[in-house]
Amino acid sequence: MISMGRNRWIALVAGAVGTAAVFTAIMLMLIFGSAFAEKDRMVLVFVALGPVAVIAVMVGYSVWWGVLFLLTLFVDEKRDDRPPW
């Protein structure tokens, strides 16, 4: 991780923020949404926890890949901290 360049750090942070934002948004919609009856809501939220986490990770990976792709295209990364070998 120390030898990661600036572009990879930016993409990693963007992917992590995207994952956390999607997971939080979906869980808040499930918990505070009015689609389910009160007593069934928590059971359905816990059943949906796995698929929600999978969706959030997939979106976070897509954000990471997209940001890294765009930064690679448009930003010239000079890595002076690289060992000579």
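The cover of the buried residues of helix α3 includes helix α1, where contact means heavy atoms within 4.5 Å and buried means under 20% relative accessible area, exposed over 50% and partly exposed in between, with a 1.4 Å probe and protein chains only. The model is predicted, and local features need pLDDT of at least 70, side-chain atom pairs count only at pLDDT 80 or more, and totals for chains, interfaces and linings use all residues. Residues are numbered from 1 along each chain as its sequence is written, and side-chain values use heavy atoms, with hydrogens and water left out.

The chain holds 3 helices and 0 strands; helices (H or I, at least four residues) and strands (E, at least two) are DSSP runs, numbered from the N terminus. The order of the elements from the N terminus is α-α-α. Of the 85 residues of the chain, 18% count as buried. Among contacts with a separation of 6 or more, 70% are between residues 24 or more positions apart. The accessible surface of the chain amounts to about 6500 Å², and carbon and sulfur atoms contribute 73% of this area. Accessible areas come from the Shrake-Rupley method with a 1.4 Å probe, and for residues only the protein chains shown count as cover.

Helix α1 spans residues 6-32. From the first C-alpha to the last, the 27 residues of α1 reach 39 Å, close to the 39 Å expected at 1.5 Å a residue; the expected span of a helix is 1.5 Å times one less than its number of residues. The buried residues in α1 include Asn7, Ala11, Gly15, Gly18, Met27 and Leu30. Leucine 30 counts as buried because its relative accessibility is 19%.

Helix α2 comprises residues 38-47 and contains leucine 44. Leucine 44 has a relative accessible area of 37% and is therefore partly exposed. Between leucine 44 and leucine 30 there are 8.3 Å in space, C-alpha to C-alpha, for a sequence separation of 14 residues.

Helix α3 runs over residues 49-74 and has 26 residues, with a reach of 37 Å from its first C-alpha to its last, close to the 38 Å expected at 1.5 Å a residue. Buried positions in α3 include Val52, Ala56, Gly60, Leu68 and Leu71.

Leucine 49 belongs to α3 and is partly exposed, since its relative accessible area is 35%. With residues up to four places away in sequence not counted, leucine 49 touches Phe23 and Met27; Met27 is among the buried residues of α1. The C-alpha atoms of leucine 49 and phenylalanine 23 are 9.3 Å apart in space, and the two residues are 26 residues apart in sequence. Threonine 72 also lies in α3, and counts as exposed because its relative accessible area is 54%. A C-alpha separation of 7.3 Å is found between threonine 72 and asparagine 7, which are 65 residues apart along the chain. Asparagine 7 is buried in α1.

On the surface, a nonpolar patch is formed by Tyr61, Trp65, Phe69, Leu70, Leu73 and Phe74, which together have about 730 Å² of accessible area. Patches are made of residues with over 30% relative accessible area and no salt bridge, like charges being joined within 9 Å and nonpolar side chains (Val, Leu, Ile, Met, Phe, Trp, Tyr) within 5 Å. A salt bridge is a side-chain nitrogen of Lys or Arg within 4 Å of a carboxyl oxygen of Asp or Glu. Leucine 73, a member of this patch, is located in α3 and counts as exposed because its relative accessibility is 53%.

The count of aromatic pairs comes to 2. One of them is the stacked pair of tryptophan 65 and phenylalanine 69, with 5.2 Å centre to centre and 5 degrees between the planes. Rings of Phe, Tyr and Trp (its six-membered ring) pair if their centres lie within 6.5 Å; planes under 30 degrees apart count as stacked, over 60 as edge-to-face and the rest as tilted. Tryptophan 65 and phenylalanine 69 are separated by about one helical turn because they are 4 residues apart in helix α3. An α-helix has 3.6 residues a turn, so residues three or four places apart point the same way. Tryptophan 65 counts as partly exposed because its relative accessibility is 48%, and phenylalanine 69 is partly exposed because its relative accessible area is 42%.
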